[in-house]
Amino acid sequence: MAKIIGGIGTSHVPSIGVALDKGLDGTPDWKPFFDGYIPGKEWMREAKPDIAVVIFNDHGNTFFLDRVPTFAVGVAESYTPVDEGWGARQIPTFEGAAELSWHFVDRLVEKHFDPLVCREIEVDHGLQVPMELFFGRPEHWPVKIVPIWVNTIQYPIPTPQRCWEMGKVLREAIESFPGDDRVVIMGTGGLSHQLQGSRAGFINREADEAWLDGIANDYEKYRGMSREDYVEQFGSEGAELIMWLVMRAAMDPKVELKHRHYYAPASLTGAGMVVLENAA
Amino acid sequence: MSDAAMQIPETPLFDRARSIKGYKLNKMAMDLGRPENREAFKADENAYLDRYGLSDEEKAAVNARDWHEMVRLGGNLFFILKISAIDPTPMTRIGAAQAGMDHDDFLKQRLGKH
């Protein structure tokens, strides 16, 4: 059966992609941010995953308000970058792990989840940026992907508890998937930021640091928090952090925190990552 | 959940009321994800906005690139950001406008830049 080889939590700020496009990653503003990802990239290279499951939200690029899926799963053979207003970014097409996607969809529905199942769909920076942060800019991506979209834009967004439960199903789906694929799970979004209203520019460094420390083995409090708590602590857009819970729930109760990085601000956002492995 | 349960200071959540109110404005902005619509916007902004039936108030907010006002009218930042790709506006300036702050003050006080 397939095996979960690690869990990643990471920001997916669009300006990270812009910095890479413009070659700004070595500038004083950006170098400390990108340097902190080097150990994560090295971990990924050594871990040699075959498939990356990426949990992210669309940012009004692929889904409009005419139809808003709370959860959506891609089952496509391939995914191209969507035009976010600047023209589609020139990065390689993502190859889909369609068999695992369908298997996950089967399991979700058996467990009483009702996902939107997407056969033809583009992906925005929410998926692109985490892939670039951990795999660089290869000619071809070294992994196939399973994209999972979570609505974090229009309320009601799903509860943190529901995200957690979906992570449990994800684990079960991977571990019952025939073959010997090595799977890494990437929960993305955050950390603290707010882009709208007069609290715009809100960054909560203390809460971000605590999250990065706690998501490994002190996660119960985050699991139990309400959506209001997330918005209050991490800002309206920082509530994206609920998507890390999908990843965390798919890992063992006890994990090893292999790498951790925090930098603020990346654009208007507290940014960073963790790399987790199931404790031996 | 009720709107009352989600009243956090200075934080407009994109709830039912805002989504309904801002639908046309957001749809107009969403469509700027297509190059032909960006060209139409650049060629004759008000003619493009009229296609979506925007009110005079909404059109004025877009014309003025008044980010605070667009959000007040139900615009969601992720959609209206596409307007900032037409005549590039840095995200920090949009943030400062939301906060009602001078750009330098915003960078220092909110983002901790020196």
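The model is predicted, and every value below is computed from it.

**The sheet of chain A**

Chain A contains an open sheet of eight strands. Their order across the sheet is β6-β3-β7-β2-β8-β1-β10-β9, and the pairing is mixed. Strands β6 (116-118) and β9 (255-266) of chain A stand at the edges; each has a single partner strand, so one side of each is left without a neighbour in the sheet. Ignoring direction, neighbouring strands are turned against each other by 15 degrees on average.

Strands of a sheet pair through backbone hydrogen bonds, in either a parallel or an antiparallel sense.

| Strand pair | Sense | Bridges |
|---|---|---|
| β9(A) and β10(A) | antiparallel | nine bridges |
| β2(A) and β7(A) | parallel | six bridges |
| β3(A) and β7(A) | antiparallel | three bridges |

Individual residues can be followed across these pairs. A:L257 has A:L276 in β10(A) as its bridge partner. In β7(A), A:K144 is the bridge partner of A:I51, and A:V150 is the bridge partner of A:F71.

**Strand β7 of chain A**

How many residues of β7(A) are buried? Seven of the seven are, so the strand is largely enclosed by the rest of the structure. Both of its faces are covered. On one side lie the buried residues A:K144, A:V146, A:I148 and A:V150, while A:I145, A:P147 and A:W149 are buried on the other.

Helix α4 (residues 98-110) of chain A lies across β2 (51-56), β3 (71-74), β6 and β7 (144-150) of chain A. Relative to β3(A), helix α4 runs at about 150 degrees.

**A pair of helices in chain A**

Two packed helices are described by the angle between their axes and by the distance between those axes. Helix α1 (residues 14-21) and helix α5 (residues 125-135) of chain A pack at an angle of about 55 degrees, and their axes are 9 Å apart. That angle makes α1(A) oblique to α5(A). The crossing of the two helices is left-handed.

Which residues of α1(A) and α5(A) meet? From α1(A) come A:P14, A:I16, A:G17 and A:L20, and from α5(A) come A:H125, A:Q128, A:V129, A:E132 and A:L133. By class, this contact has five nonpolar, three polar and one charged residues.

**Chain B**

The secondary structure of chain B comes to nine helices and zero strands. Along its principal axes, the C-alpha trace of chain B spans about 40 × 40 × 25 Å. Chain B has 114 residues, of which 38% count as buried. Among its contacts between residues at least 6 apart in sequence, 54% join residues at least 24 apart.

**Where the chains meet**

In the contact between the chains, 31 residues of chain A touch 37 residues of chain B. On the chain A side, helix α9 (residues 227-234) gives the most, with three residues. The residues of this side divide into 13 nonpolar, 13 polar and five charged.

Conventions. Residues numbered from 1 in each chain as written. Chains lettered and ligands numbered in written order. Predicted model: local features only at pLDDT ≥ 70, side-chain atom pairs only at ≥ 80, totals over all residues. Contact = placed C-beta atoms within 7 Å. Helix = DSSP H or I, 4+ residues; strand = E, 2+ residues; numbered from the N terminus. Nonpolar A, V, L, I, M, F, W, Y, C, P; charged D, E, K, R; others polar. Axes fitted to C-alpha atoms, helices over the stretch in contact; angles between N-to-C directions. Parallel < 35°, antiparallel > 145°, perpendicular 65-115°, else oblique. Left-handed = near helix turned anticlockwise from the far one by under 90°. Pairing = 2+ DSSP bridges. Buried ≥ 20, exposed ≤ 12 C-beta atoms within 10 Å, placed from the backbone.
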